[in-house]
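Work through each task before you read its solution.

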Amino acid sequence: MSNNPRDEELKIIDAIIDSKGKYHKIVQAAIAQWVKDYQSGKIKITTVNDLRTLVQLDTELQKGLLLSKKMKTNRSRKRGN
């Protein structure tokens, strides 16, 4: 077990990346359900704000995931992995 603060920081970053991926999947499922409910008539066009919020959240998560993955890749290259 390493006591290196850098290793601990990297573990935390990896956990954050994993969490973002999970949240992204949840938001995607919510968007899919919203579309189904809209298509079936359960949701009227007046509730489009919910979809807008979900899409914005999904976009932010995608940006965060992309940035996190780039950081992780760069980190691996620097360590020679």
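A nonpolar core is a set of buried Ala, Val, Leu, Ile, Met, Phe, Trp, Tyr and Cys residues joined through side-chain atoms within 4.5 Å. Buried means under 20% relative accessible area, exposed over 50%, and partly exposed in between (1.4 Å probe, protein chains only). This is a predicted model, where local features need pLDDT of at least 70 and side-chain atom pairs count only at pLDDT 80 or more, while totals for chains, interfaces and linings use all residues. Residues are numbered from 1 along each chain as its sequence is written, and side-chain values use heavy atoms, with hydrogens and water left out.

**Exercise 1.** Find which residues make up the largest nonpolar core.

*Solution.* Seven residues form this core: Val27, Ile31, Trp34, Ile43, Leu51, Leu54 and Leu61. Next, look at the helices (DSSP runs of H or I, at least four residues, numbered from the N terminus). Both α1 (5-39) and α2 (48-79) supply at least two residues of the core. Then take Ile31: beyond its neighbours within four places in sequence, Ile31 is in contact (heavy atoms within 4.5 Å) with Leu51, Leu54, Val55 and Asp58.

**Exercise 2.** Decide whether the rings of Trp34 and Tyr38 are stacked or edge-to-face.

*Solution.* Start with the rule: rings of Phe, Tyr and Trp (its six-membered ring) pair if their centres lie within 6.5 Å; planes under 30 degrees apart count as stacked, over 60 as edge-to-face and the rest as tilted. The centres of Trp34 and Tyr38 are 5.5 Å apart and the planes are at 10 degrees, so this pair is stacked. Finally, compare burial: Trp34 is buried at 9% relative accessible area, whereas Tyr38 is partly exposed at 38%.
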